[in-house]
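Subject: the two-chain model

Hi,

Here is the structure I promised to pass on.

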Amino acid sequence: MSSLAVVLAQAPQTTVINLAPGAGTPAADPNAPIPTPPVLWAALLPILVLGIGGLVLLTISSLLKKGAPRGFYTLYTVMVAGLSMAAAVPLWAKVNGWTKIAWWDFRDLWWQSLPTEAGPFSTLGQAIGVDGLSVFLILLICIAVILGSLLSDDFLLREGLEGPETYALLLFSACGGVIMAMADDLIVLFLGLETLSIAVYVLAASHLKRAQSQEAGLKYFVLGGFSSAFFLYGIAMLYGATGTTNLVAMKDFLSRSIPANNALLLIGFALLLVGFAFKVAAVPFHAWSPDVYDGAPTPSVAFMASGVKAAGFAGLVRVFVVAFGQYAADWQPIVYALAVLSLVVGSVLAIVQNNVKRTLAYSSVSHVGFILIAVEAATPAGIQAVLFYLASYTFMVVGSFGVVTLVGRVGDGRHSLDDYKGLGRTNPLLAAIFTVFLLAQAGVPFTAGFVAKFYAVIAAVDAGSTVLAVIAMISATIAAFLYLRIIVAMYMTDSDGRSASPVSRAERIRIPFATGLSLLLCVLTTVGVGLLPGPLTELSAKGTPSLVREPARTATDGGLTVGTTGTEAAPGQSQQQG
Amino acid sequence: MGNDVNIGYLTLSAILFGVGAIGLLVRRNALVMLMCIELMLNAVNLTFVTFGSMLNDITGQVVVFFVLVVAAAEVVVGLGIIVAVARRRPGATADDLRVLRG
């Protein structure tokens, strides 16, 4: 404790310089109106649609006396998520400097309210940033909501848990995820993280008929709250070191002045990384994930593994690669260690599991390792690889858990490897679909998983982390064994040697429409991206993050003055090697 | 305010944060674990206020309001989950929750 006190005693001399625009105490006339930042509502539309959509859903459901017609909640959720995506498309066009996409001309919509010049911009006192990364992740999180709600439809009917709760929680959680993806301020990032997490804690505990589900919810909640506190303490340390919580101002400050004693800064980095590593389930902060994945309702797990991870990596990339790219030499070793541990521990522990949901949980830990090696590269190519991996992983993992939902049958409890024995004979279609997802996760060529792993490894090698790339490829080989183990169970073993007898009705699993639609989308994307990776590669290349200063306002009309926008490019050539 | 006082507050908040973190790890009662999370969040609040005072900046104090709201929401959800568990198994402690393991 005494060393900390010494550190802090020196802090004020180095941190009292306050360069944050908007922050600090304006020594102005106390009677003057408090300046409020301009709000570009069009940029906030994706967040508002999701949040208000969830509230309206709860209101509608409480007004319906006889309960909603079958499938209404799912349809509503899909429509709200679709609307949110539609609201994000004009932002994507603005960032890329287009005025229309295909037949859709934006100029007559709310286009006028957006800044005139093309490119990324920020609003709300630069707390919310609109750039390639945030729009890409809005689209991705909304896709995860759509796929997750399609899976939930028949699941809730089967389990007798019908109601609007799951859908409303999915929407709130997605709202938090989108806030995280757009946050240019650490406090906004924290609020997004909590909105996302609190909704997901409840989702995990929402299967009221299974004791495991509530246990999973409690474990997730306790460990999640623990890691949120660390995350917040990290923000406090960075605030103490730089005098602001805004990432743009923080980056400005750090590029202009080098703190004489940057211990506060380094403690802040470490604590923030703990928070992020917990959210994305990187080893050694992964302990919750097998238990929670095992206990939580399977369609919710599909969303946790796709949407929540995507939002977590959005925050990680924006905070560390973009805002603190200058300090890459300090945080890269920690990410390096997290990546190696996740890759090795994830793939090795996955092999010894007998429960398919737990196996998939550990395999998702090893996928996190792969994404982390792309983060560790801290280059534009690395960010592109992260986005490509997240996008293709979303479809693979939702598809896998979709099949697990069906095979789990009533009670959502039949997840052991024995339950998959002979699935190739009793349910050939389901087994074939599952095989596609498992092969894609293993990284077999002509699937999305292969291309994603390829980009991640290339990014690591280009950034000079050859050893990391080698470890990644070795652990991918180990992980391939566990996927093949499930495939062997499905096709080459039969539980009691009845291979000659006809398949009984009880063994056959009906694939309901909504689940089938979700699985079809996932299969098509997984194979399609594997065969033609071009379009997704281009999309993820456009998803570059940037921290943009908000244009200064003229004092008279509060309007925007043109020409003061300073665009900070994504970290590139000036990267220092660790 | 003197610098020594601020250092004192920062040290106090670090100690409180540590007490909360250790308490969460060693106590088995779900309610006490919830209180430990609250203690950690409030320790961070103290850090924010102290830094705000050291930097003569209002942000540190504004942040506290956000954190308070988040903490309140967390308590509501946490108590809800604890009640759901307690209904199924009255008097359950963290050690009793062991259906999921492996």
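Let me start with chain B, which has three helices and zero strands (helices are DSSP runs of H or I with at least four residues, strands runs of E with at least two, numbered from the N terminus). Along the sequence the pattern of chain B reads α-α-α.

Before going on, some housekeeping: this is a predicted model, so local features need pLDDT of at least 70 and side-chain atom pairs count only at pLDDT 80 or more, while totals for chains, interfaces and linings use all residues. Residues are numbered from 1 along each chain as its sequence is written, chains are lettered from A and ligands numbered from 1 in the order in which they are written, and side-chain values use heavy atoms, with hydrogens and water left out.

**The two chains**

Chain B has 102 residues, and 45% of them count as buried (buried is under 20% relative accessible area, exposed is over 50%, partly exposed is in between, with a 1.4 Å probe and protein chains only). Of the contacts in chain B with a separation of 6 or more, 58% are between residues 24 or more positions apart (a contact means heavy atoms within 4.5 Å).

Chain A comes to 20 helices and six strands. Its 578 residues are 60% buried. For chain A, residues 24 or more positions apart make up 80% of the contacts with a separation of 6 or more.

**Where they meet**

I found zero salt bridges between chain B and chain A (a side-chain nitrogen of Lys or Arg within 4 Å of a carboxyl oxygen of Asp or Glu). There are four residue pairs in polar contact across the interface, both residues at pLDDT 80 or more. A polar contact is a pair of N or O atoms within 3.5 Å; within protein, one must be able to donate a hydrogen and the other to accept it, and residues adjacent in sequence count only if both atoms are side-chain atoms.

**Helix α18 of chain A**

Helix α18 (residues 466–492) of chain A has 27 residues, so at 1.5 Å a residue it should span 39 Å, and its end C-alpha atoms are 38 Å apart, which agrees (the expected span is 1.5 Å times one less than the number of residues). Its buried residues include A:L468, A:S475, A:Y483 and A:M490. Among the elements covering the buried residues of α18(A) are α12 (328–351), α13 (356–377) and α17 (448–462) of chain A.

A:H367 sits in helix α13 of chain A and counts as buried, at 2% relative accessibility. Leaving out neighbours within four places in sequence, A:H367 is in contact with A:Y389, A:Y393, A:Q441, A:K453 and A:Y483.

**Some loop residues**

- A:P284 is in the loop between α9 (263–280) and α10 (288–295) of chain A, and the peptide bond from A:V283 to A:P284 is cis, with omega near 5°.
- A:D412, in the loop between α14 (380–407) and α15 of chain A, is not a glycine but has a positive phi near 55°. Buried or exposed? A:D412 counts as buried, because its relative accessibility is 0%.
- B:N56, in the loop between α2 and α3 of chain B, also is not a glycine and has a positive phi of about 55°. B:N56 counts as exposed, at 53% relative accessibility.
- A:P512 lies in the loop between α18 and α19 (513–531) of chain A and is buried at 8% relative accessibility. A:P512 and A:D154 are 358 residues apart in sequence and 6.7 Å apart in space, C-alpha to C-alpha.

Cheers
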